[in-house]
Each structure stands twice: as structure tokens, then as C-alpha cells.
Amino acid sequence: MTSPSPAELALERSAPLKAVPVDPARSSRRGAAITDISLDGDSFWGRRQTTNADATLAHCLEWMERLGWLENFDRIARGEVTIARAGWQFSDSEIYKLLEAMAWELARRPDDVLARTYDDLVERVAAAQDDDGYLSTAFGHPGLDDRYTDLAMGHELYNIGHLLQAAVARMRTSGPHALVEVARRAADHVCREFGADGRAGICGHPEIEVALAEFGRALGDDRYVEQARLFIDRRGHGSLPVRPLLSAEYFQDDTPVRDADALRGHAVRALYLSAGAVDVAVDGEDRDLLNALERQWARTVERRTYLTGGMGSRHQDEGFGDDWELPADRAYCETCAGVASVMFSWRLFLATGDVVYADLIERTMYNIVATSPSVDGRAFFYANPLQQREPGSTPRAGVNTRAEGGVRAPWFEVSCCPTNIARTMASLPAYFAAVGGDALEVLQYAPGEIRLGGFVLRVETRYPDDGRIRLTVIDAPEGMRTLRLRVPAWARTADVAVSGSAATPVAPGWAEVTRAFTSGDTVDLDLDVTARFTWPDDRIDAVRGTVAVERGPLVLCAESTDLPTGVRLEDVRIDASAALTSDGDGARVAATAIARAASAPSAVPYGARTDAAPGRSFDLTLIPYHRWAERGPSIMRVFLPVATAVR
């Protein structure tokens with residue numbers, strides 16, 4: 001192992017560890033460390049964290065070893081000529097995301113076996129690094145193309161970005177480590193190669209920006225934040241070569257970041273870039289840049305985001321469509337875009353304290369992040385459509401080439417989503433609470449314990465199945481303090497009660513309790529999580545005449561598995577004037593299966609209006625979207641046609 005550098009040893013002596021993914025240098029608000037919050041193991045998120053630790057991390061490692069993605073590093077370390085390299089040019093990044101996940105998990109739940117596996121992986125990565133800090137298994141070595149000969153699609157800087165984020169996780173959870181030194185040398189190489197006096201290039205896939213900014217914060221070195229700013233300012237001037245079927249917009253290289261009105265192009269790239277731009281704006285106190293990003297977030301959420309929080313409506317470029325272009329059956333909604341959306345929104349929340357960002361994080365977490373992995377943590381959705389017209393086929397036992405197969409698959413040819421899920425699940429508590437001034441802000445609800453801002457709180461709830469949340473004060477700082485609880489925008493009614501006092505209605509936003517807290521005090525928040533109809537904006541042509549059902553933060557869906565025998569989902573019409581009935585973690589609604597007249601052979605599917613006759617009536621079962629396809633391949637839809645023109 002490489003010994004810690006003098007700079008790292010100095011950091012070890014001076015800087016306390018803060019196990020947070022995001023730590024703004026200039027902000028009055030700070031997020032919880034992952035060690036500040038512990039989740040009960042039998043809770044919605046607690047079960048998923050445990051599965052991630054017990055199954056997903058090993059699953060990802062096994063696949064990358066099996067496919068030769070790790071052997072790529074060994075070959076470079078041995079100095080061999082590469083004849084047939086395994087994996088895409090960005091496969092290095094998956095090892096780095098896995099290392100990041102492992103670092104967060106080791107802080108959450110120390111494990112000797114995982115620690116040894118982690119150190120072994122770091123040794124293999126470090127052995128492949130060049131003397132000048134360059135690190136890549138796809139370029140710059142015998143048998144491979146030269147360094148930086150394909151900035152548009154080569155992903156060299158993207159890969160290094162994920163290396164830096166992995167190092168940040170290690171630095172903030174255990175202090176100096178060999179991986180941090182590897183990352184520092186790589187970051188120094190990037191600054192020399194692409195600094196103000198170097199080549200004026202950018203990476204086709206943003207990621208290096210957000211990574212450099214956070215790496216600079218972790219090491220207390222503004223050079224890296226400045227390099228992130230350079231990359232952001234260079235983007236949007238058409239410097240990247242455009243490939244067939246793509247465009248400058250795909251790379252966010254058509255318009256400078258400060259001038260854009262909404263996110264566009266490849267969704268994951270746009271969201272990673274925006275997250276990094278927030279970091280640069282906050283640390284540089286650049287209010288104009290931050291205003292531009294807030295504006296882009298608002299328009300993107302208002303016009304280009306699905307009910308699930310998913311982003312990206314086009315398959316061809318995995319990108320955003322135009323305003324209101326949100327087809328349910330062609331929704332791409334890549335899992336990685338959901339992760340990146342959380343990264344962007346979290347940074348905006350820390351910068352502004354606006355609760356709307358936490359609302360979107362909740363929507364995305366429950367309906368994209370929680371949807372992707374299977375119950376056993378060994379299969380994943382890459383794309384997350386809101387309608388599946390045909391049952392997906394059983395996934396191949398090997399690598400799956402299709403991202404939108406309608407079933408969770410164990411691995412993909414482009415397998416960015418499993419490792420992104422792994423690192424997000426491992427760092428999950430970081431998004432649950434924050435400290436703003438002298439207030440403790442509770443943003444997401446799960447049973448467990450919060451130790452933050454001088455408070456120790458016990459949280460008891462069955463959320464999201466039940467909207468009752470009780471916070472019991474175990475310990476509190478002296479004097480007057482504020483406990484601020486998020487009231488989601490979807491809550492039609494909500495009330496708060498303190499230590500048995502009468503409940504007081506509260507509106508969406510914040511429920512604030514200010515007092516001198518003492519041990520034993522309780523704060524009860526009661527949110528209405530009964531099922532409700534949600535109507536799409538009528539400018540979304542693809543789902544006009546339909547309605548969705550939500551229950552608390554959960555989007556519900558109808559699945560063919562729950563239909564009566566002989567009923568096809570395409571023939572189901574729901575009665576939106578009837579009452580919704582809660583059913584476990586889902587709901588039931590009155591529905592009719594229409595009776596269709598036989599069409600003429602070979603006729604086009606158009607003609608004079610013929611209203612289908614109502615057929616059998618039944619109660620339609622709706623389940624949480626995050627559970628769809630768990631019982632096998634199925635047909636599914638979120639937005640359901642209505643039987644009457646009720647609005």
C-alpha cells in the first residue's frame with residue numbers, strides 16, 4: 001500500500017471526519033453524516049440498506065470480476081499489450097462507484113471481510129496508475145488509443161471523476177488512505193493537463209466537475225474547485241465533435257450553463273453537470289450561476305419530469321424531450337438519472353433551504369431509486385417506464401444488452417445503474433436531515449435514531465404505509481431551539497402536536513416547533529397518506545384522458561397480475577368519480593372492462609367514433625410502482641383511462 005502523503009497526514013491531524021457526500025465550503029446549512037442517522041432494519045429503507053450491504057455489493061464485484069473489468073487494471077499494471085479489452089471505455093467507473101459504496105458502508109457498519117476486499121481492490125487500482133497520475137485502462141497504454149483522443153465519448157475524465165468521489169467517501173469516513181493518494185495524483189494530473197494553461201477541453205460525459213469540487217472541499221484545496229469551474233465555463237460553446245444521431249445538446253455543449261432555460265440532452269450528463277455547477281456557484285458565491293440553476297431545475301420539474309420523479313423521455317439519446325413530451329410507455333427514466341436528480345436537488349436544498357427540493361428527492365427515492373433493485377438486491381431496472389405494453393421476457397443469465405426489457409436484470413452491457421444504486425443506498429441517511437442555523441430539519445421519515453445538531457431523537461413510524469410520525473427527544477441542546485419537519489406538498493391535510501398538546505393544522509412546507517426541549521418531549525406529525533387521484537397537465541398529450549393514483553409519496557400502478565381472468569389491461573377504464581379505498585400499501589378503485597367490437601381484417605386503427613360498450617365491473621387493485629414486476633413479467637400502467645369525463 002502507498003503511504004499517506006504529507007498533505008494527508010496534515011489533514012489527519014487537523015480535520016474532523018464528516019461522513020457526508022456533500023459538504024459546501026460556504027453554506028449556513030449542512031447535511032447529516034451517514035453516521036448521524038441509523039435506520040431500523042425492518043423499515044422500508046432499513047431493509048434496502050441491509051440488502052445492499054449483504055447482497056448488492058458482492059453481486060457487483062462478482063460481475064466485474066467475471067467480465068474482466070478488474071483484470072483490465074491488472075493487465076495495465078503488468079505492462080501487457082491490450083489486444084481485446086473487456087467492457088466499454090467507462091467500465092473503470094463502475095469499480096470506483098463500488099469503492100465509494102463500500103466506503104460509506106464500512107462507516108455505517110464496520111466489517112473486516114469487506115474492509116479486506118476494499119483494500120485489495122484499491123491495490124489493484126493503484127497498481128495501474130501511471131507515474132504522472134493518469135489512470136485509465138482504455139487509453140494511453142500499449143494496444144490502446146492515445147490519451148484524450150476522444151474527449152467526446154472516451155470518458156477518461158468521467159472515470160477519474162468517479163475515482164475522486166470514491167476517495168471523498170474514504171477520506172470523510174476513515175481519513176487518509178491509499179485511495180485518497182491515488183485520487184490526489186489523478187486530480188493533479190487533470191489540473192496540469194486541463195488547467196488554465198493546458199488544453200481547453202471538456203469531457204463529453206460530465207462528472208469530473210462535481211467530483212473535483214467535492215474533492216477540493218474534502219482536501220481543503222481550492223485548486224480542484226477552480227478546475228471544476230473552468231470545465232463548467234468551457235461547456236456550451238460547441239467544442240466537442242458531434243457524432244451521427246447525436247448533437248451538441250446531447251453533451252450540454254450547445255448553450256453555456258448560465259444561459260440555459262431547462263435541462264436538455266442526455267439526462268444523466270445534464271444532471272451531473274448541474275450538480276457540479278451548484279457546488280461551484282456555492283463555493284464561489286456566484287449568485288447569478290445559482291439563480292440560473294434554480295431556474296433550470298424549476299422548468300425541468302414543471303415540464304420535463306414524470307410523476308415518479310423520473311427524468312428522460314427519449315430512448316435514442318437517453319435524454320430529455322421538449323416541454324410536455326412525457327409519454328408513459330416510452331419513458332426512459334434511467335435509474336442513474338434518478339440518482340443524479342437526487343444529487344442535484346440535494347445541493348440546491350443545502351444552498352437555499354427550499355423544501356421543494358426535498359419533496360422531489362422523496363418522490364424520486366420512493367419511485368425510481370427504490371424501484372430499480374429487486375428484493376434480493378441482485379437484479380435491477382435500467383429504464384423505468386410508466387407503462388409496459390407487453391410482458392418482459394425472462395432476463396438472460398448473462399449480460400443483458402437491452403436497457404428497457406420490462407424485467408429486472410442481473411447485469412447489463414452498460415451497467416452503470418447497479419453501482420449507482422449501491423452507492424446511493426449505502427449513503428442514504430445523508431439525505432434525511434440537515435442543520436440550518438440553530439434548527440434541526442427532518443426531511444425524510446423512517447424509523448430509527450437521529451443524532452444531529454445537539455439533538456438525539458427517536459423516530460417511530462410505519463411511513464410510507466402510515467402517515468403518523470412520532471419524534472421523541474432523548475437529548476437536546478440547552479436553550480430555545482427549533483425542530484423543523486417537512487410537510488410534503490402532496491399532503492392534503494397535516495397536523496402537528498407537541499408532548500400531548502392539541503394538534504394544530506399545518507400547510508405543506510415546514511412544521512416548526514420552537515421551544516426549550518427536554519428529554520421525553522414528543523413531536524407528532526400526522527400526514528394524510530390516503531390514496532388520491534392525480535391528474536396530468538392537459539398539455540401532456542400522451543396521457544390526456546387518464547388519471548393516476550398516489551398514496552402518500554408512492555405512485556401506484558395497475559399490473560396485469562391483479563386483473564380478473566379474461567380482462568386485458570388495455571380495456572380497463574376506471575371510475576374517477578368513485579371513492580378510492582386503501583388496500584395494504586396500495587389501493588382499490590372501481591373499474592370496468594370495456595367490450596370491444598371486432599374490427600375489420602387489415603383495417604387501420606382509425607375510423608368513425610364507436611364508443612365501446614361497458615363490460616364487466618370489478619374492483620381494480622393498485623400496487624406501489626416500486627413493486628411492479630416482482631411477481632414475474634407483467635403488463636403495467638400508471639396512468640389509467642377514465643370511464644367518465646370527470647376532472
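What follows is a short chat about cavities, a helix and a strand.

Q: What should I know about the model first?
A: This is a predicted model, where local features need pLDDT of at least 70, side-chain atom pairs count only at pLDDT 80 or more, and totals for chains, interfaces and linings use all residues. Residues are numbered from 1 along each chain as its sequence is written, and side-chain values use heavy atoms, with hydrogens and water left out.

Q: How many cavities of 30 Å³ or more are there?
A: The count is 5. A cavity is a set of points on a 1 Å grid over the protein atoms alone where a 1.4 Å probe fits but cannot get out, and lining residues have an atom within 4 Å of a point. Points are joined across faces, edges and corners, and the volume is the space filled by probe spheres set on them.

Q: What volume does the largest cavity have?
A: About 180 Å³. Its lining has 14 residues, with Pro 21, Glu 100, Gln 165, Arg 423 and Tyr 431 nearest the centre.

Q: Which helix gives the most to that lining?
A: α12, with 4 residues. Helices here are DSSP runs of H or I, at least four residues, and strands are runs of E, at least two, numbered from the N terminus.

Q: And the second largest cavity, what space is in it?
A: About 70 Å³. α10 (267–283) and α11 (287–303) each supply at least two residues of its lining, and α10 gives the most, with 3.

Q: What sits at its start?
A: A side-chain oxygen of Asp 354 comes within 3.1 Å of the backbone nitrogen of Val 356.

Q: Now β15. Which of its residues are buried on each side?
A: Thr 546, Ala 548 and Glu 550 are buried on one side, and Val 547, Val 549 and Arg 551 on the other.

Q: What does β15 pair with?
A: Pairing needs at least two DSSP bridges between two strands. β15 runs antiparallel to β14 (residues 531–534) over 4 bridges, with Phe 533 opposite Val 549. β22 (residues 640–641) is also antiparallel, with 2 bridges, and so is β16 (residues 554–559), with 2.

Q: What about the turn into β16?
A: The two strands form a hairpin with 2 residues between them, and Gly 552 in the turn has a positive phi of about 60°.

Terms used: 1 Å grid on protein atoms, 1.4 Å probe; cavity = no way out; pocket = protein on both sides within 12 Å on 5 of 7 lines; lining within 4 Å. Polar contact = N/O pair within 3.5 Å; in protein donor to acceptor, adjacent residues only side chain to side chain. Buried < 20%, exposed > 50% of the residue type's maximum accessible area, 1.4 Å probe, protein only.
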